[in-house]
Amino acid sequence: IEECLVSAPEVGAALSRLRRALGRGTPLGDEFASVEIRCAPGSSRATYFFARARGRALSARGRALLAELGREDVVVVEGEPGTEAELERFELGECYLLAAPGTFTQVNWAVNRALVREIVEGARRRGARSFADLYCGSGNFSLPLLAAGLTGKGVEASAPSIAALRRAATE
């Protein structure tokens, strides 16, 4: 795609860098099943999370793509040793979300913060004291609700997401 109108401008800029790198003849589909681009607000670097195509080894051309992108940004390849990145920090007002590469976050953080604000304000208006956050990910709603004084449970299948949620909740 040329441009994603829903994502933050920083994601669009990172998409342009990826497109430029691919335009130099590096095949994405041969070695990678997908790529996720994420930019934490206030960060000058994007994170690219590449999911490997089944049974495919990285070629010299694939490694060249990763190296080129890695000059400006963080590059993580699923299953590649030594490419784990630090958790990204996303401010949520009174608290923050930590997210590991490859775990879900919203693509437009300004819109997400507005949504979180509405959820917390709605809980306060209704006098809610507890919550259940199903598919809670890294705590996008759970952490702000906890910060607002509610108690609750989050349910998530992704171990990296739960680990990040626990870390953010205890820091």
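## Contacts along the chain

Among contacts between residues at least 6 apart in sequence, 55% join residues at least 24 apart, where contact means heavy atoms within 4.5 Å. The model is predicted, so local features need pLDDT of at least 70 and side-chain atom pairs count only at pLDDT 80 or more, while totals for chains, interfaces and linings use all residues. Residues are numbered from 1 along each chain as its sequence is written, and side-chain values use heavy atoms, with hydrogens and water left out.

## Overall layout

The chain has five helices and seven strands, in the order α-β-β-α-β-β-β-α-β-α-β-α along the sequence. Helices (H or I, at least four residues) and strands (E, at least two) are DSSP runs, numbered from the N terminus. The C-alpha trace spans about 60 × 30 × 25 Å along its principal axes.

Of the 171 residues in the chain, 40% are buried. Here buried means under 20% relative accessible area, exposed means over 50%, and partly exposed lies in between, using a 1.4 Å probe and protein chains only.

## Two helices that meet

Two packed helices are described by the angle between their axes and the distance between the axes. For helix H1 (residues 9-22) and helix H2 (residues 60-70), the axes come within 10 Å and cross at roughly 145°. These axes are lines fitted to C-alpha atoms, for helices over the stretch in contact, and angles run from 0 to 180 degrees between N-to-C directions. The crossing of H1 and H2 is right-handed; a crossing is left-handed if the near helix is turned anticlockwise from the far one by less than a right angle, and right-handed if clockwise.

Which residues in H1 and H2 meet? From H1 come Arg17, Leu18, Ala21 and Leu22, and from H2 come Leu65, Glu68 and Leu69. By class, this contact of H1 with H2 has five nonpolar, no polar and two charged residues. In this scheme Ala, Val, Leu, Ile, Met, Phe, Trp, Tyr, Cys and Pro count as nonpolar, Asp, Glu, Lys and Arg as charged, and the others, Gly among them, as polar.

## Nonpolar cores

A nonpolar core is a set of buried Ala, Val, Leu, Ile, Met, Phe, Trp, Tyr and Cys residues joined through side-chain atoms within 4.5 Å. The largest one has 18 residues, and Phe90, Leu92, Leu97 and Leu145 have the most contacts inside it. Strand S5 (96-99), helix H3 (109-125), helix H4 (142-147) and helix H5 (159-170) each give two or more residues to this core. Another core, of 17 residues, lies apart from it and includes Leu15, Ala21, Phe50 and Leu58.

Leu97 is worth a look on screen. Leaving out residues up to four places away in sequence, Leu97 touches Glu88, Arg89, Phe90, Leu92, Thr105, Trp109, Ser138, Gly139, Asn140 and Leu143. Asn112, in helix H3, is buried with a relative accessible area of 2%. Beyond its neighbours within four places in sequence, Asn112 is in contact with Leu92, Gln106 and Asn140.

## Salt bridges

Side chains of opposite charge can pair when their charged atoms come close. The whole structure holds seven salt bridges, each a side-chain nitrogen of Lys or Arg within 4 Å of a carboxyl oxygen of Asp or Glu. One of them joins Glu72 and Arg17, with the closest N and O atoms 3.8 Å apart. This pair links distant parts of the chain, with Glu72 in the loop between H2 and strand S3 (74-77) and Arg17 in helix H1, 55 residues apart. Glu72 is partly exposed at 49% relative accessible area, whereas Arg17 is buried at 16%.

Arg38 and Glu36 also meet in a salt bridge, at 3.5 Å from N to O. Arg38 is buried, with a relative accessible area of 4%, while Glu36 is partly exposed at 27%. In a further pair, Glu94 and Arg124 have their closest N and O atoms 3.9 Å apart. Glu94 lies in the loop between strand S4 (88-91) and S5, and Arg124 lies in helix H3, 30 residues apart. Glu94 is exposed at 65% relative accessibility, and Arg124 is partly exposed at 47%. Salt bridges that share partners also join Arg17, Glu72 and Asp73 into one network.

## Around Asp30

Asp30 sits in the loop between H1 and strand S1 (32-38). Is Asp30 buried, exposed or partly exposed? With a relative accessible area of 41%, Asp30 is partly exposed. Setting aside residues up to four places away in sequence, Asp30 touches Ala53 and Arg56.
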